[in-house]
Amino acid sequence: MSGTPARTAADAATTDVVCLGESMVTFLPSQPGRLADVPSFGRGIGGAESNVACALARAGHRAAWVSRVGADGFGDHLVDTIAGYGVDTSAVRRDPDRPTGIYFRTATDRAADVHEVAYYRAGSAASAMSPANVPYEALLAGRVLHLSGITAALSADCLALLRELTAPRPGRPLVSFDVNHRPGLWRGGDASPRVLLELARGADLVFVGDDEAEEAWGIVGAEAIRAALPEPAVLVVKRGADGATVIAGDTVTDVPALRVDVVAPVGAGDAFAAGFLSATLRGLPVRDRARHGHLMAAAALTVPGDLTDPPARDRADRLVALDDTAWGRLRLGPGWTGDDQEVRTP
């Protein structure tokens with residue numbers, strides 16, 4: 001199957017997916033409202049790549065997270081929390097001179113005009129990642145290396161690292177790249193569209209939202225995105241509530257999303273990538289990869305935070321195997337991933 005990482009005799013002892021990127025301690029509001037008005041915040045973690053690693057580990061895969069954190073209490077919290085999900089954090093490096101990044105956000109959808117995020121990540125330990133200080137043996141140890149455009153925006157050194165990791169080289173893992181266009185992170189953001197396109201063209205598997213492609217590149221529609229990204233073996237165009245279009249080679253597969261009773265509209269993109277990667281590692285057909293992505297996204301959307309336990313694999317496989325009519329009738333709400341919960345149809 002195109003875009004499936006090759007298996008070897010050593011796979012039993014091999015990491016499935018290595019995720020590289022910054023994770024931060026996130027402060028979540030105790031109630032809706034402006035940051036200026038929220039009286040208190042609860043502590044969590046946030047990071048696109050570590051979210052993917054945690055979801056994959058919970059789904060039964062061998063996942064590792066590679067990054068840098070400060071030699072501080074927030075760094076301790078990140079490493080301990082991510083390791084608690086079953087992720088290998090042994091390649092995370094401590095920086096004695098730079099802090100762990102943190103951020104505060106409001107409770108609203110990040111796409112809403114009233115959504116606020118206050119980042120305190122400039123000069124963070126993760127922004128100092130570079131080709132000179134990352135553990136390459138750990139980065140290249142998995143069947144898949146998962147990256148995102150967020151890392152490229154952190155510093156010139158981080159961008160140099162991503163350029164090196166997406167460059168063609170013999171024997172590299174399957175490189176997965178989530179565009180994750182965040183204009184606010186790019187200083188003098190005019191360069192971001194060109195850089196993200198360059199990095200995506202060097203990957204084997206690319207995730208991009210149709211809204212991101214339009215905002216960054218002025219491109220509308222899966223066919224136009226494919227024309228701009230001819231190199232990746234698999235291109236996944238996420239269309240929000242309308243589903244996803246997967247282009248593997250020249251084959252186009254449209255996979256409708258599920259109806260979900262949303263609790264919090266955060267974490268769905270990372271969860272979708274984790275579900276798709278999980279099914280890719282298992283060598284499942286393209287349609288099933290996207291359906292597993294939709295199920296993981298539904299698990300994230302029906303809880304308050306970014307992270308949650310996915311449905312048990314056998315249960316997810318049964319839902320993925322439904323015919324198109326039954327799939328289209330599913331409606332998922334809070335608690336649906338529990339073994340004793342019924343999945344509703346209208």
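Visitor: Leaving aside neighbours within four places in sequence, with which residues is Leu20 in contact?

Guide: Contact means heavy atoms within 4.5 Å. By that criterion, Leu20 is in contact with Glu49, Val66, Met129, Leu139, His146, Leu147, Thr151, Leu161, Leu162 and Leu165, its neighbours within four places in sequence being left aside. This is a predicted model, in which local features need pLDDT of at least 70 and side-chain atom pairs count only at pLDDT 80 or more, while totals for chains, interfaces and linings use all residues. Residues are numbered from 1 along each chain as its sequence is written, and side-chain values use heavy atoms, with hydrogens and water left out.

Visitor: Which residues touch the most other members of the largest nonpolar core?

Guide: In soluble globular proteins, nonpolar side chains tend to be buried together. A nonpolar core here is a set of buried Ala, Val, Leu, Ile, Met, Phe, Trp, Tyr and Cys residues joined through side-chain atoms within 4.5 Å. Buried means under 20% relative accessible area, exposed over 50%, and partly exposed in between, with a 1.4 Å probe and protein chains only. The largest core has 46 residues, and Leu20, Phe177 and Trp217 touch the most other members. Helix α5 (residues 156-166) gives the most to this core, with five residues. A second, separate core of 44 residues includes Ala53, Cys54, Ala55 and Ala273.

Visitor: What is the strand order of the open sheet of eight strands?

Guide: Strands of a sheet pair through backbone hydrogen bonds, either parallel or antiparallel. Helices (H or I, at least four residues) and strands (E, at least two) are DSSP runs, numbered from the N terminus, and two strands pair if DSSP finds at least two bridges between them. The order in this open sheet is β4-β1-β9-β10-β11-β12-β13-β14, with mixed pairing. At its edges are β4 and β14 (251-255), each of which pairs on one side only.

Visitor: How many residues of strand β1 are buried, and with which strand does β1 pair over four bridges?

Guide: Six of the six residues of β1 (residues 15-20) are buried, so this strand is largely enclosed by the rest of the structure. β1 pairs in the parallel sense with β9 (residues 142-148) over four bridges, and Thr15 stands opposite Gly142 in β9. Four bridges also join β1 to β4 (residues 63-66), again running parallel, where Cys19 stands opposite Trp65. Elsewhere in the sheet, β10 (residues 174-178) and β11 (residues 205-209) pair in the parallel sense over three bridges. Phe177 has Val206 as its bridge partner in β11.

Visitor: Which strands does α5 lie across?

Guide: Axes are lines fitted to C-alpha atoms, for helices over the stretch in contact, and angles run from 0 to 180 degrees between N-to-C directions. α5 lies across β1, β9 and β10, running at about 140 degrees to β9. Helix α10 also packs on the sheet, touching β13 (244-248) and β14, and its direction makes about 35 degrees with that of β14.

Visitor: At what angle do the axes of α9 and α10 cross?

Guide: The axes of α9 (residues 268-281) and α10 (residues 286-301) come within 7 Å and cross at roughly 145 degrees. Residues of this contact divide into eleven nonpolar, five polar and two charged. In this count Ala, Val, Leu, Ile, Met, Phe, Trp, Tyr, Cys and Pro are nonpolar, Asp, Glu, Lys and Arg are charged, and the others, Gly among them, are polar.

Visitor: Which strands stand at the edges of the sheet of four strands?

Guide: The order of this open sheet is β3-β2-β7-β8, with mixed pairing. β3 (41-46) and β8 (117-120) stand at the edges, each with a single partner strand, so one side of each is left without a neighbour in the sheet. Four bridges join β7 (residues 102-105) to β8 in the antiparallel sense, and Tyr103 has Tyr119 as its bridge partner in β8.

Visitor: Is Glu22 buried or exposed?

Guide: Glu22, in the loop between β1 and β2, is buried, with a relative accessible area of 5%. The C-alpha atoms of Glu22 and Gly47, 25 residues apart along the chain, are separated by 6.0 Å. Asn180, in the loop between β10 and α6 (192-201), also counts as buried, at 9% relative accessibility. Although Asn180 is not a glycine, it has a positive phi of about 45 degrees.
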